[in-house]
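Hello,

Here is the structure I promised to pass on. Please look through it first, then read my notes below.

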Amino acid sequence: CKLVSPQCGCGAGDMCAIDDTGTRSCHVEGDTQLQQPCAGLYSCVAGSLCVQTSTSTSLCTSYCDADNQCSGGLCLIQLNDPSNPGGILQDVTLCTDDCNPITSVGCPAGLGLGCGVYQEQAGQMRIFTLCGGAGNGGQGTACTTNEDCLAGSACFTLNGDPNDQQCLKYCNLASPSCPGVTTCVDIMIAYNGVNYGACL
């Protein structure tokens, strides 16, 4: 069956989905809409999958074959293959979010999420954004993951030292706004025409 909407290969009222072994199969269609909190592999509407976004939240996320199916995001998220540790599921790709790392616009509100900026580790090395968990760590707070930091911030490793990680606010290099005596330092990341930095 076909995962990407419009789907085919399943009967009326059913949808094509990935089961817990990574195999495509037909199941009763879920009713949770895109970017809404979900629970269970088959809880989302056809063409989407319930994906863990933070330690406490999962959201319905679109399957895709191309970027133009991703509402401003990119078609590049791959899934681990449950039956092949270390491998990825072939021909299964999900959309990234199209969100603003400074304001978190583009992430569902009221769920404790913030927008992070990332880069592909191979291939085209494209920049993309994802909504993820946000915590309470303010500027300069020690952290281990982005989920430790307030929305609008990320956990940065300073001076290449993995023991020196701090929550730093994202900033726009063209119109920087940073707290206290910190300044907007270029982190060589551009997304949607904006050059982002970190307040340091």
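A word on terms before the findings: contact here means heavy atoms within 4.5 Å. Also, please keep in mind that this is a predicted model.

**Overall build**

The protein has zero helices and 12 strands. Its radius of gyration is 18 Å. The globule rule gives 16 Å for 200 residues, which is close, so the protein is as compact as a globular protein of that length. The C-alpha trace spans about 60 × 35 × 30 Å along its principal axes. Of the 200 residues, 41% are buried. Take the contacts between residues at least 6 apart in sequence: 37% of them join residues at least 24 apart. The accessible surface is about 10300 Å². Carbon and sulfur atoms account for 50% of that surface.

**The largest core**

The largest nonpolar core counts 11 residues. Among them are Val-117, Ile-127, Phe-156, Leu-168, Tyr-170, Ile-189 and Tyr-196. Four strands each supply at least two residues of this core: β9, β10, β11 (184–191) and β12 (194–199).

What does Tyr-196 touch, leaving aside its neighbours within four places in sequence? The list includes Asn-100, Pro-101 and Ile-102. Tyr-196 is also in contact with Cys-171 and Leu-173. Asp-186, Ile-187, Met-188, Ile-189 and Tyr-191 complete the set.

There is a second, separate core of 10 residues. Cys-16, Leu-49, Tyr-63 and Leu-79 are included in it.

**An aromatic pair**

The structure holds two aromatic pairs. One of them is formed by Phe-156 and Tyr-170. This pair is edge-to-face, with 6.0 Å centre to centre and 75 degrees between the planes. Phe-156 lies in strand β9 (residues 153–157), and Tyr-170 lies in strand β10 (residues 165–172). The two are 14 residues apart, so the pair links distant parts of the chain.

**Ser-62**

Ser-62 sits in strand β4 (residues 58–62). Its relative accessibility is 16%, so Ser-62 counts as buried.

Best wishes

Key:
Residues are numbered from 1 along each chain as its sequence is written. This is a predicted model: local features need pLDDT of at least 70, side-chain atom pairs count only at pLDDT 80 or more; totals for chains, interfaces and linings use all residues. Side-chain values use heavy atoms; hydrogens and water are left out. Rings of Phe, Tyr and Trp (its six-membered ring) pair if their centres lie within 6.5 Å; planes under 30 degrees apart count as stacked, over 60 as edge-to-face and the rest as tilted. A nonpolar core is a set of buried Ala, Val, Leu, Ile, Met, Phe, Trp, Tyr and Cys residues joined through side-chain atoms within 4.5 Å. Buried means under 20% relative accessible area, exposed over 50%, partly exposed in between (1.4 Å probe, protein chains only). The radius of gyration is taken over C-alpha atoms; the globule rule is 2.2 Å times the number of residues to the power 0.38. Accessible areas come from the Shrake-Rupley method with a 1.4 Å probe; for residues, only the protein chains shown count as cover.
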